[in-house]
Structure formats: structure tokens, C-alpha cells
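Q: Hi! Could you walk me through this structure? I'm new to this, so please spell out the terms.

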Amino acid sequence: MQTRRQADTLFDKVWDAHVVRKIEGGPDVFFIDRHFIHEVTSPVAFLGLESRGLKVIFPEKTFATADHNTPTANQHLPVRDPLSANQLKALESNAARYGISHWGLGNPKNGIVHVVGPENGITLPGMTIVCGDSHTSTHGAFGAIAFGIGTSEVEMVLSSQCIMQPKPKKMRIKVDGKLGKGVTPKDVILYIISRLTASGATGYFVEYAGEVFEQMSMEGRMTVCNMSIEMGARGGMIAPDETTFSYIKGREKAPKGEAWEKALAWWKTLKTDEDAAFDLEYHFKASDIEPMITFGTNPGMGVGITKSIPVASGTGGNKSSFDKSLAYMGFQEAENMIGKKVDYVFIGSCTNGRIEDFRAFASIVKGRKKADHITAWVVPGSHIVEQQIKEEGILDILTAAGFELRQPGCSACLAMNDDKIPAGKYAVSTSNRNFEGRQGPGARTMLASPLAAAAAAVTGVVTDPRELMA
Amino acid sequence: MAYDNFTILRSPAVPMPIENVDTDQIIPARFLKATERKGFGDNLFRDWRYNADGTPKKDFILNNPVYSGTILVAGRNFGSGSSREHAAWALYDYGFRCVISSFFADIFQNNSINIGILPAQVGPEFLDKIFRTMESDPHTELEINLPEQTITILATGDSESFEINSYKKNNLMNGYDDIDYLQAMKADIQSFAANSLY
């Protein structure tokens, strides 16, 4: 390690340790420790390797899992959609050909890439992690620099373990105080995005700091970092601490014995120096945050669930884009969100598909019944999460309340498989994007926490989850 | 994937004065199932461009025969959302070689340059000026001069410069790509990897 001349941020420490070469007036040649691939954004990269006659430089640093395009029912049967089946087959054969670990459909380790990486100890502090998926920012919860890349870059990482990246600017977002009842990590990040807007962090890499994140579980931190991209940030990260270390310890691919001690000593240095400078800083108070819900067609269009939809003139954005968004949703300015009819509820995704999310969902539906008109998709993020749901008795609670548990995958978050919300229908979803058509052509998405999703599922309308909590 | 070299582009343009055009609009996820880079242009802006029955939506700009050209002019925060390079492929396959906006999402910007589309960022006032000029004359030609890093509205002579880092500029002008660069420094990468903790 070189001696450092100045106070550095967590981000600087990890970034600078991975620069292979600096190009004058250009990007850094940036080394990647872990590369995740899935079936949708990797096939063309492998075709590129083949046409150039290149090999995978370090196959042991790449991990493949099938998730985007997989059915969430009857996974033991052949995949019916021939195009999806073809992508899954391509991933399997490319992984086999180049010696890459592959957790395909039916593998007990299979699940959403950003769920299985951390739960198997592949994601570690101080790493650089990329994947052809913008929600790779999830892994930043461990103090890693993790971000999404395009397929050309997937090909770069496969062939050289590097990409060419200009170093982003640095932003710190501090949230101090204690979160109120029913306010979850999802609400914290939806609140932040609503304050910064969907492009407010573009060009930056975010560090989340302050009491709220220090007190947060690893799963909560993953939810927060996951949605960094929704305000335009390439990624977000949180300094690793005892919560991080105890989450990692003992996981399958985590370092053991002497290697653990060595790694731990380095991980403990991964924090922002006291006098380090950021290009931009925001401070928020935990007490200002209530359960959140989105009303529009980008994740920045969110409000406290008891609030009304803002009027265009108060948003500072372009009025015709705002109007277009509300027209798509079938909403009006200044309407209340509470009581709006809901048709579908989706709990799952890389944002909220972990065991704590299903515990939260179950805490509300326990002893209640799913509203008759609601179609609910309950989709675990991985087989390991699915197993936990069964072992902890959550499945019994869900079944008694009239919910069915599906099999793991990205599912209705992006509706590449059969899990599509029909045109014009309203969904409360724990996923990450409320873009037009994201959950199916014409689908209308309201993003919220697992608690708010559960409250909507049992009442059939947008409901403040705090009213259903003991 | 080789692409056409980019130096000076002179073309009429297609105006899309909408903010936050995300990659799910540029190419919806259900059209990402191909295993080859082929035919994505057909589904560019699919749900804005076509009705559910496949008939074109008359009021969408790409269906308006008055507008044509290889330049797309879009509202701020173009390309937000997913990292899918398919969005850039769809634009390229449709025929666009340059997107002008007052603000781009990061990953989209990277992906575009990597496949030979120039994302040119201009100030909001200049963007408005382009929109206004195109409103009065839909055939208005723009000139994108990459070596000089300028955009000119040919009818009025109004011009503004745009930023691009010199490495990426050189790549675009010569059709070079990062993979060749990285292959050429493999020995350095191997020795870096040998000293890495992970």
C-alpha cells in the first residue's frame, strides 16, 4: 500500500486501490474483483469474445445466475417461452465453455443476482463489483464499489477484468436521528430520491452515512444502495462495520481462518477520513421521513403516504412531462394517495426480496386476509430466501391469509417473464421502478415498502401501514 | 462490434421534448430476449410508437413523416434507468448516430459512446433553441462537428460546444474500441491481478 497524502473518502480508498492505469484526458483503467452475469445482458458479450477469438481472463472472478427471464412457477418444467429458454441455454453453455460458475434454474443457489451474491459471501468490503444490471449498486451496502455496466463493458471484463471508467464525483448523504414506526429502509431511499429527483445524483457516487444507516441491518442497507441508480448515481456505498462483518462471517465463499483475519484488518480501515471532502453533501432528518409511495412514472415522484400528489408548479420540473406522467397513472394533481384502489401487489425483486422483507410483509398480513380483488405475487429473491420463508413459518402465515408463494426470480419487477401487470391496472410494488410499462405494457406502478404493500394487499386500497401495526 | 467512424454529421433531426426518457421506453424489457445484436431498431420506443395491436400511433414523433434524420434531440435526463445496452443498440439500429440533450444518464452515455453513438450534452437554452427552430422548420439541419466539438443549427448559424474526453473522442473518430486497448495492456493487468487481495 502506498502512503496516502491526504484525507480520503471511503470511495477514494476503494477506487484508487483498483486503478491499473490512468489515461491523460480519459478514463481510468479500472480493475474488477467480482463480475456477475445473467442471461439477458451477457450473450452478445460472449459472441463478441468468440468473434475476436478472446478467452475469459479470470473465469473464477465471474459468477453466473439466471434470474431476469425465469418463470416463477413450475421451474422444474422446461421453460415454455422459446426465446427465454434460448437465453437461459446460452448462459449455461457460455458458462460451461469458459469455465464460469453457473447457478441456473433449479440450482439450490439460484436467485436474483443481487440477492445471491451477498447471501453466499461472494460480495465483500473493498471490492469492485460490476454486472450488466443497474441495480448492481446493491452490493455497495458492504463498502464495495458496485455498479451496472453495458454489454460492451461485460465483454471488456470477461476478456481483461477491467473497464475504462472516468472517476465519478463524490456525494455524501447523511440521515441522522431515529426512524419512526413503520418507516423502513425502502422509505428512507424513496424519500431521498424524492428530495434529489430522478437525476439529482447523476455523475456522482454516493456514500450514505449517519445514525440511520449505522443502525440499519445489512438487508436494509442493500435496499438503500440498490436504489442509488434511481436518482442517477452510479452507485452508493456504506462503510463496513461490525454489522457488515458479522453478516459475512461464515458464509460459504467468505474468507476463513487466517484469510479472514487479514481481510478484516483491511476492512476496518475502509471508512471516510474525518476531514475528507465531498463534491456535494446532503443532510436529512429521520423524523421527517414517513412511509412513502410513488404517484408518477419515475422513482423521484414519491410522497409520504398520507400526503397528496403535488401540483406541477411546485415540482420545479417540466410541466408537460409531469402532466404526461399523471395522465399515464390516471391521477390528478393534489389528490390524496390514501384510499386509491389497488389491483395487484408485488413483493420481491433485488430491492425487497430478502427474508427481512417477507418478515415485514407477514407482520401485517398475519391474522388478516388478502382482499378478494387483489392479485398478489409473492416472489422470494432466491431459493435460500424461499427456504427461510418456509422454515420461519412465514409460509403458513401467507397461506392462511390467502397468499401463494412463487419461485425466485426478477419476476414482475421488469415483467420479462409471464408476471405482467395488465394494462391500466394499479400495482403496489416493492420493486424499484415505476416507469411507464415497466411491469407490463400500460401497467401503473406505485412503489412502496413491504409494509405498505402488505397493507394494500389486505385492504385493497393504498393504506398507511402504521394503522395496521400493533 | 465495429461501428462507423464519427467525424462531421449533418442531418435533419427528430425532436422529442420529453424529460426523463428512460431505457424501458427506449426498449421495453420484453424485447431483450435475443441472444444476438439484431433487429432492436424495430422495437425502439415500442410502446410509444405502436398500439397494442401493432398499428402505429399517429401522434408519436417517429411516426410523423415530416421528421427524419440521424439525430435525436431529447429532453433532459435522457436514458435514465436500466444499464441495458440494448437501448443504445435500438437507437443505432434504427439509424440514429447522435443524441442531443441537456443532460444524460451516466450508463446510457457510456453505452452510447461504446457502440458509436455520440451523446452530445448542450445547455438548456441551446436545447430550447433547437426545439424552437425545429418547430418552425421541421427540416432544419444540424451539424455535429466532433473534431471541433460543436453543434450548429445551420439555418440560423447558432452554435454551441460540447464536452467529450479526448480518449473517447479519439475512439469515436477512428472507430477504435476499449477492448483492443485493454488487450494491448494485458501484461499490466496480469501483474496488477497478482497483487490483488481478491
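**Strands, contacts and a core**

Q: Okay, how many bridges join β2(A) to β8(A), and which way do they run?
A: There are 4 bridges between β2(A) and β8(A), and the two run antiparallel. Two strands pair if DSSP finds at least two bridges between them. Strands are DSSP runs of E with at least two residues, helices are runs of H or I with at least four, and both are numbered from the N terminus. Before we go on: this is a predicted model, where local features need pLDDT of at least 70, side-chain atom pairs count only at pLDDT 80 or more, and totals for chains, interfaces and linings use all residues. Residues are numbered from 1 along each chain as its sequence is written, while chains are lettered from A and ligands numbered from 1 in the order in which they are written.

Q: Which residue is the bridge partner of F30(A) in β8(A)?
A: That's I163(A).

Q: And where do the β8(A) residues point, and are they buried or exposed?
A: I163(A) and Q165(A) point one way, C162(A) and M164(A) the other, and all are buried. Buried means 20 or more other C-beta atoms within 10 Å of the residue's own, exposed means 12 or fewer, and partly exposed is in between, with C-beta atoms placed from the backbone.

Q: New topic: how many residues does each chain bring to the contact?
A: Chain A gives 61 residues and chain B gives 50. Two residues are in contact if their C-beta atoms, placed from the backbone, lie within 7 Å. On the chain A side, α5(A) supplies the largest share, 6 residues.

Q: What about N86(A), where is its place?
A: N86(A) is in helix α3 of chain A. It counts as partly exposed because it has 17 C-beta neighbours inside 10 Å. N86(A) is 47 residues from E39(A) in sequence, with 9.3 Å between their C-alpha atoms.

Q: Which residues touch the most other members of the largest nonpolar core?
A: Among them are V428(A), I293(A) and L72(B), in a core of 195 residues. Such a core is a set of buried Ala, Val, Leu, Ile, Met, Phe, Trp, Tyr and Cys residues joined through C-beta atoms within 7 Å. Helix α16 of chain A, residues 450–459, gives this core its largest share, 8 residues.

Q: Last one: how many helices and strands are in chain A?
A: Chain A has 16 helices and 18 strands. Of its 470 residues, 60% count as buried.
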